[in-house]
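Please read the following points alongside the sequence and the coordinates.

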Amino acid sequence: MTRSTTIPPFDAFEIAGWKGRSEAYLEHIDPLTEHAVETLLALLGVGVGDSLLDVGCGPGTLAARAAARGAAVTGCDIAEDMVELARRLHPELTVDVADAAALPYLDGAFDAAVLASLVQHTARAEEMVAEAVRVVRPGGRVVVSAYATPDKARFVGVFGAASARVPLTPPADVPPGPHMFVYADHAALDGLLASAGLADRRVTEFAFTHRVASAAALLEALGRGTVRAAALLDAQTPETLAALEAAIAEELEPYRSPDGGHEVPVAFTLATGIRPFDPLIQESP
């Protein structure tokens, strides 16, 4: 597959949208994705002396946890604000500004690579996974994660269900892009890895509960710590936002805990695969 050098409109929108949002992401969304970090690291199987590339590393939470295991970790993200935050939080890490669809690393430079919660945010998922495969050595592992279906990933599923009940004004400046749950389906995520040539593929799910204080807190998290949902919320009137908050509160009610908060079920779809050895080269794993 040809390396992507042209950034499509939706990806350009996402990249621009992260400017000034890295701290809000760290506060509101990173605690959600952090639940899956140990499971992702277990799937990667990296330890002392192994080299790992964390593609779309955000504030560096997974990368830092892998480094604590003794791995030699490089993180990269196309959002400069995220890279600056990751470098500040984890000065021991190497973190580069890099386009995941055109990585600036040599073929086979790493033992493993991970794309955590990245592929649903891009129109170039196939190119990004192909690039991760390219920079992993033959026999090395690539791991990809995305939200599971809305009935399982209720942090975003609740928002979607409430949005369906309240007429929302579409934002005028958001280019067409992939559906947030495009890789929730196991076959779709497996197909993404297969298109990059990965072998020994396996797709699983990781489920957990995430604390949401209130409907207002969920709206704040999405409005400050995301790009696409934030653009949608910014396009609404105060009256519509109030109606949306009320609808979210109703959707959250089944998950209310005794202290008044909510323990919301969330799940990620996780896929792993191995870069095959070139059959023309006599190598052993």
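1. Two strands are taken to pair if DSSP finds at least two bridges between them. With that in mind, and bearing in mind that this is a predicted model, glycine 75 stands opposite valine 95 in strand 3. That position belongs to the pairing of strand 2 with strand 3 (residues 94-97), which run parallel and are joined by four bridges.

2. Why is strand 1 described as largely enclosed by the rest of the structure? Five of the five residues of this strand (residues 51-55) are buried, so the description follows from the count. Ser51, Leu53 and Val55 point one way from strand 1, while Leu52 and Asp54 point the other way, and all are buried, where buried means under 20% relative accessible area.

3. Helix 5 contributes Thr61, Leu62, Ala63, Ala64 and Ala66 as buried residues. The buried residues of helix 5 pack against helix 3 (30-33) and helix 4 (37-44), as well as against strand 1, strand 2 and strand 4. Just after helix 5, glycine 70 takes a positive phi of about 100°.

4. The largest nonpolar core has 61 residues, of which Leu44, Leu52, Phe155, Phe159, Leu218, Ile248 and Leu252 touch the most other members. Leucine 218, once its neighbours within four places in sequence are left aside, is in contact with Phe155, Phe159, Val212, Ile248 and Leu252. There is also a second, separate core of 31 residues, which includes Ala98, Ala101, Leu103 and Leu198.

5. The structure holds seven aromatic pairs. In one of them, the rings of tyrosine 147 and phenylalanine 181 have centres 6.4 Å apart and planes at 50°, so this pair counts as tilted, the class that remains when planes under 30 degrees apart are called stacked and those over 60 edge-to-face. The pair links distant parts of the chain, since tyrosine 147 lies in strand 5 (residues 136-147) and phenylalanine 181 in the loop between helix 8 (154-165) and helix 9 (186-195), 34 residues apart. Tyrosine 147 is buried at a relative accessible area of 7%, and phenylalanine 181, at 15% relative accessibility, counts as buried too. Together with Phe206, Phe208 and Phe268, Tyr147 and Phe181 form one aromatic cluster.

6. Finally, is serine 257 buried or exposed? Serine 257 is buried, with a relative accessible area of 12%, although this residue sits in a loop, the one between helix 12 (238-252) and strand 7 (262-274). The side chain of serine 257 makes a polar contact of 2.6 Å with the side chain of aspartate 259. Not counting residues up to four places away in sequence, serine 257 touches Arg211, His262 and Glu263.

Terms used: Residues are numbered from 1 along each chain as its sequence is written. This is a predicted model: local features need pLDDT of at least 70, side-chain atom pairs count only at pLDDT 80 or more; totals for chains, interfaces and linings use all residues. Side-chain values use heavy atoms; hydrogens and water are left out. Rings of Phe, Tyr and Trp (its six-membered ring) pair if their centres lie within 6.5 Å; planes under 30 degrees apart count as stacked, over 60 as edge-to-face and the rest as tilted. Helices (H or I, at least four residues) and strands (E, at least two) are DSSP runs, numbered from the N terminus. Buried means under 20% relative accessible area, exposed over 50%, partly exposed in between (1.4 Å probe, protein chains only). A nonpolar core is a set of buried Ala, Val, Leu, Ile, Met, Phe, Trp, Tyr and Cys residues joined through side-chain atoms within 4.5 Å. Contact means heavy atoms within 4.5 Å. A polar contact is a pair of N or O atoms within 3.5 Å; within protein, one must be able to donate a hydrogen and the other to accept it, and residues adjacent in sequence count only if both atoms are side-chain atoms.
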